[in-house]
Amino acid sequence: MQIQALQTSQHIFAFEGEFKCVGIYEHALNFICPQQRLITFHRQGRGLSPMGWLLKQADFDSLAKQCHPALKMRMKNNQIAIADNMTLIAGDSENLRLQDKATLDLRWLESFFLYYLR
């Protein structure tokens, strides 16, 4: 079976090697990569994390059925192999990094303190 991700965080592509299953949840499947970073497979409609892959609901359910605490998968060339029967292919790459020079409008906070600290 081959699964095409809907979206994939671009920050994940630097990783290759074996991933170990560390969490199985209703809307997220968590794995640890060799660099000890969390990688999450998300159910469609539940968002995408900076280290995640977004899967269609049916694809997520198919992957979830394969998951157990001893499951290991191997990532190479933007594809993940699970045993001999399933391959996940990266989807459209999304940049989820916050802008380094983002400005915050803190006027509301100043007003809050002026009002409550009189």
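**Group meeting: rings, charges and cysteines in one predicted model**

Let me start with two residues: F41 and W53 are both buried. By buried I mean under 20% relative accessible area, with exposed being over 50% and partly exposed lying in between, using a 1.4 Å probe and protein chains only.

Before going on, a word on where the values come from. This is a predicted model, in which local features need pLDDT of at least 70 and side-chain atom pairs count only at pLDDT 80 or more, while totals for chains, interfaces and linings use all residues. Residues are numbered from 1 along each chain as its sequence is written, and side-chain values use heavy atoms, with hydrogens and water left out.

Now the overall layout. The protein has 118 residues, and 35% of them count as buried. There are 2 helices and 10 strands; these are DSSP runs numbered from the N terminus, helices being H or I of at least four residues and strands being E of at least two. Going along the sequence, the order is β-β-β-β-β-β-α-β-β-β-β-α.

Back to the rings. Which residues form the aromatic cluster? They are F31, F41 and W53. The rule for a pair is that ring centres of Phe, Tyr or Trp (its six-membered ring) lie within 6.5 Å; planes under 30 degrees apart are called stacked, over 60 edge-to-face, and the rest tilted. That rule gives 2 aromatic pairs. In one of them, F31 and F41 sit 5.6 Å centre to centre with 90 degrees between the planes, which is edge-to-face. F31 belongs to strand β4 (residues 28-32) and F41 to strand β5 (residues 38-43), and the pair links parts of the chain 10 residues apart. F31 and F41 are both buried. The rings of F41 and W53 have their centres 5.8 Å apart and planes at 55 degrees, so this pair is tilted. W53 is in strand β6 (residues 52-55) and F41 in β5, so the pair ties together parts 12 residues apart in sequence.

Side chains of opposite charge can pair when their charged atoms come close. The cut-off for a salt bridge is a side-chain nitrogen of Lys or Arg within 4 Å of a carboxyl oxygen of Asp or Glu. How many salt bridges does the structure hold? The number is 2. R43 bridges to D61, with the closest N and O atoms 2.9 Å apart. This joins strand β5, where R43 is, to helix α1, where D61 is, across 18 residues. R43 is buried at 12% relative accessibility, whereas D61 is partly exposed at 33%. In the other bridge K72 pairs with E18, and the closest N and O atoms are 3.8 Å apart. Here K72 is in strand β7 (residues 72-76) and E18 in strand β3 (residues 17-24), 54 residues apart. Both ends are partly exposed: K72 has a relative accessible area of 44%, and E18 has 38%.

K65 is exposed with a relative accessible area of 72%.

Next, the cysteines. A disulfide is a covalent bond between the sulfur atoms of two cysteines. With the cut-off set at two cysteine sulfur atoms within 2.5 Å, the structure holds 0 disulfides. For C21, the closest cysteine sulfur is in C67, 4.8 Å away, which is too far for a bond. C21 is buried, at 4% relative accessible area. C33 is also buried, at 2%.

Last, the surface. L106, W108, F112, F113, Y115 and Y116 make up a nonpolar patch with about 730 Å² of accessible area together. W108 is in helix α2 (residues 107-116), and at 57% relative accessibility W108 counts as exposed. Patch members have over 30% relative accessible area and no salt bridge; nonpolar side chains (Val, Leu, Ile, Met, Phe, Trp, Tyr) are joined within 5 Å, like charges within 9 Å. The areas come from the Shrake-Rupley method with a 1.4 Å probe, and for residues only the protein chains shown count as cover.
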